Amino acid sequence: TEGLWGALTALSPQDWEQRQEEDTLLIERILLLVRNVLHVPPDPAEEQQGVDGDASVHDRVLWALHISGMDDLLKFLASAQVEQQWALHVLEIISLMFRDQSPEELAALGQGTAGAEHGEDTRELETLRQRELAEKRARALQRPSRHSRFGGSYVLQGLKSIGDRDVVFHKGLHNLKSYTHDLGKEPRRVPRHRQAA
């Protein structure tokens, strides 16, 4: 069997171009052998003789494939772009590997540990989110507020506007020195022919 595994483990993306036809035939025969071994139906008489909880023949074959590294090799063959010619063989082998399993059982197996890990991850993420929000609030309180463009309104006493009321000045106090009654008014345009030379 070492020769069989040796031929399969010699697969690598670098030497697929240098592979000879004999190697290709050998790889195909090995994949067909694995498929045929997994295709053997279970024997009900032998399954009943075993102790409850004892691994079935199919499970023991799968364990032997795992120990030998064949499952990793199948994953490589399924995912490598240059090994697409084996895709149907690999798909059939994987289908036969899960032959006795129901989708509900497989999903429940994944939920046992994954559900607890997911809940723990969710709690950890929520804790990190709360901490980040608290830091964001603290930073917002520490930095000075943005300067507003509203400079305030001031009443200039002693300077009368239209009527008898005091002037209300809406600019900042630093602009008070340049105050005129014409502030904000559009200047009158003099036509060109009437402008002074």
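Which residue forms a salt bridge with D72, and how far apart are the closest N and O atoms? The partner is K75, and the closest N and O atoms of the two are 3.5 Å apart. Keep in mind that this is a predicted model.

**The D72 pair and its relatives**

D72 and K75 both sit in helix 5, and because they are 3 residues apart there, about one helical turn separates them. As for the surface, D72 is partly exposed, with a relative accessible area of 46%. K75 comes out at 54% relative accessibility, so K75 counts as exposed, the cut-off being over 50%.

In total, the structure holds 4 salt bridges. Here are some of them, including the D72 pair:

| Salt bridge | Closest N and O atoms |
|---|---|
| R35 with E92 | 3.4 Å |
| D72 with K75 | 3.5 Å |
| D166 with K160 | 3.2 Å |

Why can such pairs form at all? Side chains of opposite charge can pair when their charged atoms come close.

R35 has 22% relative accessibility, so R35 counts as partly exposed. E92 is partly exposed too, with a relative accessible area of 34%.

Then there's D166 with K160. D166 is at 26% relative accessibility and therefore counts as partly exposed. K160, at 47% relative accessibility, also counts as partly exposed.

**Helix 2 against helix 5**

Helix 2 covers residues 21-39 and helix 5 covers residues 70-79; they pack at an angle of about 120°, with their axes 13 Å apart. That angle makes helix 2 oblique to helix 5. The crossing of the pair is left-handed.

Which residues meet where helix 2 and helix 5 come into contact? From helix 2 it's I30, L31 and V34, and from helix 5 it's M70, L74 and L77. Sorted by class, this contact has 6 nonpolar residues, with no polar and no charged ones.

Note on methods
Residues numbered from 1 in each chain as written. Predicted model: local features only at pLDDT ≥ 70, side-chain atom pairs only at ≥ 80, totals over all residues. Heavy atoms only, no water. Axes fitted to C-alpha atoms, helices over the stretch in contact; angles between N-to-C directions. Helix = DSSP H or I, 4+ residues; strand = E, 2+ residues; numbered from the N terminus. Parallel < 35°, antiparallel > 145°, perpendicular 65-115°, else oblique. Left-handed = near helix turned anticlockwise from the far one by under 90°. Contact = heavy atoms within 4.5 Å. Nonpolar A, V, L, I, M, F, W, Y, C, P; charged D, E, K, R; others polar. Salt bridge = Lys/Arg side-chain N within 4 Å of Asp/Glu carboxyl O. Buried < 20%, exposed > 50% of the residue type's maximum accessible area, 1.4 Å probe, protein only.
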